Amino acid sequence: MSGPEHRLLFHGGAFAAVTRAGDITGARGTQPDGFFLGDTRHLSRWQLTVDGAVPTLLVAERDAAVLVPPTARDEPPPHTVFREQRVEGGALVDVLRVTCNRAEPEKLWLALTVDADFADQFELRADHRVYGKPHAVRAREVLPAGVEFRYRRGGWQARTAVTGEPPPDAVEETGSGARRLVWHLKLEPHETTELTLRAAADPGAGPGPTAGPGARATGTEAAEAAVDAAPPLAQAAPWPGLARAAEQGLADLDGLLIPAAGPGGEEVRVPAAGVPWYLALVGRHALVTSLFALRHRPALARATLLALAATQAGEADGEPGKIVHEVRHGELAHFGQVPYGHYYGAVDTTPLFLVLLGALTEHTGDDKPARRLEPQARAAVEWMFRHGGLDDSGYLRHRTDDAGAGTAPANQSWRDSPGALCAADGTRITGAPAPAAPQGYAYAALVHTARLATTAWADPRLAGRLTAAAEDLRARFLTDFWLSAQDFPALALDGAGRPADALASDAGHLLWSGLLEPDRAGRVGRRLLEPDFFSGWGVRTVAAGQGAYHPMAYHRGSVWPHDNAILALGLARYGLHEEARTVARALTDLATHTAGRLPEATAGYPRTTQPTPVPFPHACSPQSWSAATPLALLTALTAAEGRAEGLPS
């Protein structure tokens with residue numbers, strides 16, 4: 001989430017975090033400052049002055065600002081600068097309209113001080129890590145219309161070209177690495193002149209594909225057609241606020257699409273996880289987002305499946321068939337200084353890949369994607385049995401030593417923060433955990449893939465094997481995870497098979513997946529709407545009243561819109577429509593307090609005592625699965641009795 005002092009502009013895998021006035025200062029802190037593409041900061045300074053002074057900000061909007069020179073109270077400003085900014089085609093575009101306010105001519109000089117430090121995003125996070133960069137070479141070259149900054153380290157390179165139209169009258173050195181572009185302007189009375197400044201980022205070798213201006217990736221036309229085919233949002237939504245949130249969500253999803261490659265090298269556009277820190281392919285987020293948006297943007301599902309099939313682990317990665325968790329293209333990932341070039345540390349992406357493949361086939365009636373991706377789907381199934389843990393312990397598990405010496409998530413389900421898997425008193429579980437939610441995904445994956453084996457692959461033997469495995473998993477889960485005293489499923493099993501007795505919202509994921517039998521599902525669904533869980537803005541990640549609960553903890557008391565959307569779909573699946581409506585209404589109210597854009601998370605304080613939602617610090621906004629949450633709510637609210645579209649019945 002951008003702080004009040006920053007505005008975020010984003011599109012196509014690039015984003016700019018600028019001050020309210022539109023400048024970039026290069027400051028480091030909890031939020032990034034600069035223009036980024038492919039995890040690299042391509043602008044670390046972008047500061048406007050007029051006649052040597054920093055203009056005064058009068059108005060700041062999402063993509064615009066109005067500036068005037070500093071003047072005395074009784075002296076009206078001689079000119080006004082109207083500034084409009086956007087990110088497009090891998091570039092930051094800054095349009096300045098300078099208007100003379102007087103009845104006589106005016107001369108002024110406008111300057112833009114620019115620099116590019118090419119810092120990796122991971123260097124800018126406030127975790128005090130330092131990364132060596134031996135043999136790095138930097139260069140600057142004056143161009144006819146501006147200046148170009150270049151960086152090279154071994155086989156990794158990047159550059160940024162800053163140009164102006166009209167070209168600057170001079171490019172000056174500043175005594176540092178920055179350069180100052182200068183324009184000498186002469187304005188007639190009440191005349192307006194326009195300058196267009198452009199900072200074009202070229203990732204060179206290292207980062208992944210970048211679409212240029214006007215480029216259209218595979219599936220874009222299909223996505224637009226799908227919007228026309230889906231029910232109109234205003235017609236489908238029971239409340240105007242939900243329709244507005246859905247419209248905002250679709251707009252944000254368009255901005256969050258980033259280029260990736262499919263198995264045949266074709267370019268596709270997939271939803272990035274979120275701005276600012278996660279404008280990257282994150283498997284779990286892309287999969288859940290695509291499931292949420294399936295009725296409105298089925299092309300997202302096709303693109304996500306192709307991109308994840310192309311990055312699926314092979315023999316050399318140690319766990320063939322596993323679906324990637326995160327793909328990064330920055331310098332530190334390129335040189336292996338962070339583990340995210342292709343990082344496979346997630347226990348849930350592989351079953352979710354199979355769920356999405358089955359849901360897409362069921363929704364569209366088109367089995368061509370399932371037939372094309374049959375080898376990858378079969379490999380994913382085998383990973384669940386041979387490497388994921390189904391053959392060994394009967395459950396999907398992950399090793400805690402996969403955390404990468406503190407550089408990667410401590411846990412490998414959606415609750416990936418340290419201590420998120422815990423007992424009711426807050427004690428962290430030990431050993432290789434089996435979180436509850438991924439077991440639900442595994443069940444759904446087995447059911448979906450059994451159907452594909454029957455309908456798309458003509459393999460009844462595989463279908464029978466997977467159906468039996470799903471039935472066994474359900475029976476085993478209801479024995480091992482069920483907390484009899486609480487009449488509720490455990491959050492996880494520890495390495496020794498002992499249940500962690502924290503009461504947590506992951507039970508809603510079990511409803512979504514269909515793992516629970518109807519009687520228990522009804523009791524669990526109603527329990528999740530009791531006051532210790534339900535804050536009034538949504539269901540808390542951990543029920544209040546337990547030692548584990550903290551209203552501002554990331555996964556131990558906060559309210560996540562996407563988590564609640566999963567719950568709403570699960571409630572609708574089991575016919576708990578009033579409960580689903582309650583959750584949807586709460587999230588709609590939350591959206592009205594956040595200009596229609598649902599946050600990643602909000603604090604767990606009860607609405608009865610805190611009538612406005614408390615934002616969660618450091619959250620991403622916009623974030624793809626929060627953006628898609630209103631679409632999932634529409635699906636839940638219009639679901640047929642006992643069935644939520646896109647998941648096995």
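**Salt bridges and cores, by the numbers**

Reader: What makes D589 buried rather than exposed?

Author: This is a predicted model, and in it D589 has a relative accessible area of 15%. Buried means under 20%, so D589, at 15%, counts as buried.

Reader: Why is the pair R607 and D589 called a salt bridge?

Author: Look at the gap: the closest N and O atoms of R607 and D589 are 3.1 Å apart. The cut-off is within 4 Å, so this pair makes it. D589 sits in helix α16, while R607 is in the loop between α16 (577–592) and α17 (624–627), 18 residues apart.

Reader: And is R607 buried or partly exposed?

Author: R607 comes out at 30% relative accessibility.

Reader: Why is R297 called buried, and what is D254 called?

Author: R297 has a relative accessible area of 9%, and under 20% means buried. D254 is at 35%, so it counts as partly exposed.

Reader: What makes E382 and R465 a salt bridge?

Author: Their closest N and O atoms are 2.8 Å apart, again within 4 Å. E382 belongs to helix α10 (residues 374–386) and R465 to helix α12 (residues 460–480), so this pair ties together parts 83 residues apart in sequence. E382, at 28%, counts as partly exposed, and R465, at 36%, is partly exposed too.

Reader: How many salt bridges are there in the whole structure?

Author: A search finds 35.

Reader: What about the nonpolar core: which residues have the most contacts inside the largest one?

Author: That core has 143 residues, and F353, M384, F477, L516 and L528 have the most contacts inside it. Helix α11 (residues 436–455) supplies the largest share, 12 residues.

Reader: What does F353 touch?

Author: Leaving out residues up to four places away in sequence, F353 touches L287, L305, L308, A309, I323, Q376, A377 and A380.

Reader: How many residues are in the second core?

Author: That separate core has 39 residues, including L43, V81, L110 and L112.

Key:
Residues are numbered from 1 along each chain as its sequence is written. This is a predicted model: local features need pLDDT of at least 70, side-chain atom pairs count only at pLDDT 80 or more; totals for chains, interfaces and linings use all residues. Side-chain values use heavy atoms; hydrogens and water are left out. A nonpolar core is a set of buried Ala, Val, Leu, Ile, Met, Phe, Trp, Tyr and Cys residues joined through side-chain atoms within 4.5 Å. Buried means under 20% relative accessible area, exposed over 50%, partly exposed in between (1.4 Å probe, protein chains only). Helices (H or I, at least four residues) and strands (E, at least two) are DSSP runs, numbered from the N terminus. Contact means heavy atoms within 4.5 Å. A salt bridge is a side-chain nitrogen of Lys or Arg within 4 Å of a carboxyl oxygen of Asp or Glu.
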